[in-house]
2 protein chains.
Amino acid sequence: MSLLVVGTVAFDSIETPYGQAEQVVGGAATYISLAASYFTSHIQLVSVIGDDFPEATLADLTKRGVDLQGLQVKKGEKSFYWSGKYHSDMNSRDTLVTDLNVLADFDPVLPESYRNAEYVMLGNLTPAVQRRVLDQLTSRPDLIAMDTMNFWMDHALGELLEVIKRVDLLTINDEEARQLTGEYSLVKAAGHILNMGPHILVIKKGEHGALLFLKDRDDQEIHIFYAPAMPLMDVFDPTGAGDTFAGGMVGYLAQTRDLSFANLKRALIYGSAMASFCVEKFSIDRLTELDVPQILQRIEKFRALVHFDREE
Amino acid sequence: MSLLVVGTVAFDSIETPYGQAEQVVGGAATYISLAASYFTSHIQLVSVIGDDFPEATLADLTKRGVDLQGLQVKKGEKSFYWSGKYHSDMNSRDTLVTDLNVLADFDPVLPESYRNAEYVMLGNLTPAVQRRVLDQLTSRPDLIAMDTMNFWMDHALGELLEVIKRVDLLTINDEEARQLTGEYSLVKAAGHILNMGPHILVIKKGEHGALLFLKDRDDQEIHIFYAPAMPLMDVFDPTGAGDTFAGGMVGYLAQTRDLSFANLKRALIYGSAMASFCVEKFSIDRLTELDVPQILQRIEKFRALVHFDREE
């Protein structure tokens, strides 16, 4: 079972109320791949970096089963760099620096062995790049999932809608769902988005959890599930939490090869669990030190958080 | 089993993106009593109104088992009046008018038959009035719950902390929990509040649900439960949703006489279910037309919303 992951592999500089991290490893595809690697061992990465990226991280990804054939390394160039500062509420942040560097003219090329991937996760990137990845696939994957952000709604809406039309599962945050549809009610917004192409929608609400909407292909009925976020004592660094969530979710789906509502629910909980680890340390630090018992223990905490018995 | 409810019985004028309602029945104690009346039939109301309040609403409350002996009616005076306008996101609102009227010099007097109430719900009111109610009780209730708001933190913090010290259960929204403790993390804020007197804390997060924190009296461990809000197609009028939530919760607790963690969880879900009805129509309209099967059906929807199975 192969999972194709497209997205940035990058450097971040991050300031949060808990401290600072300078030029640390980040990027959507990095977080997605690491989170997914706890569930599935055949991950194919498509991205681009400069020759400034740490060998140790690449070796670590390889060791965790991530195939780097599709990772372009541009000699003499610099990797994508983002710098941001979180406000005290951790829900909002200011972007201080965005240096596209190698990303400016990124043309994704899928190695032959990637082209029949069964699961695909398009991390947040310019829609044109996401489309070029889909165009190189030689067979229809079982699942194409994509993430995006408000920036593309503002600057490339037409192209974005073209890609959305071709995917099965869209992840998007609550504000973006509202922007994309002009509906404040997330239930109404979901109804619109499930007419745009995807039949599975995940609305991410940050510290307030995530909503899953599945449109039944037979009777068109929409099923809803809510996955909470784990209430945490401290959130050290929210960077990458959304990507980690997506990575845990698609990694779990690729492993189980089951796209039923019951299994999609579990996949959301696995994604939420991985995201709850991600924010406990800066950068990818927490995601490189987990083990399966820790993850299962966290899943049990999620179950306990929302479980109630009917009257005896 | 008696439930003593203290709070406002009032008029509201409300504007939401869905329409307007002029001079309709509102007030914390009204919403609390109506919601609780679906679970327990012995409710004792303490409040004050002018002689402008509709007889029909009073008759309706009486019919639903609400004892109005403790409701003072001031001849020639006007009932408390609030007018507000909700923004398009329904999460924020502007207060347009607040006319205290009879509330300005409200001195609550508990009829003899109220003084040994076993369950007490102090709705949002000036802390001095909440305290004067507690002072008239002749025996310690099984549960004293209270609601409050940021206004009293700004203007009567000392008195507020004195009342909080005497209650078992505090309901408060997320921003208020942060303001009261200076902690952004709700888990940390809960830790502080559970040292102020209450051993049960419910943090209301509006459309994002509610968190229950219970501090075990033996081992001091804090147990957490999360009750989601029902994702709704339309929220017509959020006025009274927090009070309805509290009313459903304490009504259920008074009926079941069980303050275990398992039962508190159920009480939160019942509260959430009642609140999800409340917002479907203006004023108290939805709360006067429910029946038990509708409520149980909504409880099942809540269970389905968050329930997931472990792997088969």
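Predicted model: local features only at pLDDT ≥ 70, side-chain atom pairs only at ≥ 80, totals over all residues.
Residues are numbered from 1 along each chain as its sequence is written, and chains are lettered from A in the order in which they are written.

- Helices here are DSSP runs of H or I with at least four residues, strands are runs of E with at least two, and both are numbered from the N terminus.
- Which residues of helix α6 (residues 174-181) of chain A are buried? They are A:Glu176, A:Ala177 and A:Leu180, buried meaning that 20 or more other C-beta atoms, placed from the backbone, lie within 10 Å of a residue's own.
- Seen down the axis of α6(A), the buried residues fall within an arc of 105 degrees, so they line one face of the helix; the arc is taken over the directions from the helix axis to the C-beta atoms.
- Just after α6(A) comes A:Gly182, with a positive phi of about 75 degrees.

**Where the chains meet**

- 26 residues of chain A are in contact with 26 residues of chain B, contact meaning C-beta atoms, placed from the backbone, within 7 Å.
- On the side of chain A that touches chain B, α7 (186-193), β13 (222-227), α9 (261-278) and α10 (292-306) each supply at least two residues.
- The largest share of that side, four residues, comes from α9(A).
- 100% of the interface residues of chain A are also interface residues in chain B, so the copies meet through the same surface.

Conventions. Contact = placed C-beta atoms within 7 Å. Buried ≥ 20, exposed ≤ 12 C-beta atoms within 10 Å, placed from the backbone.
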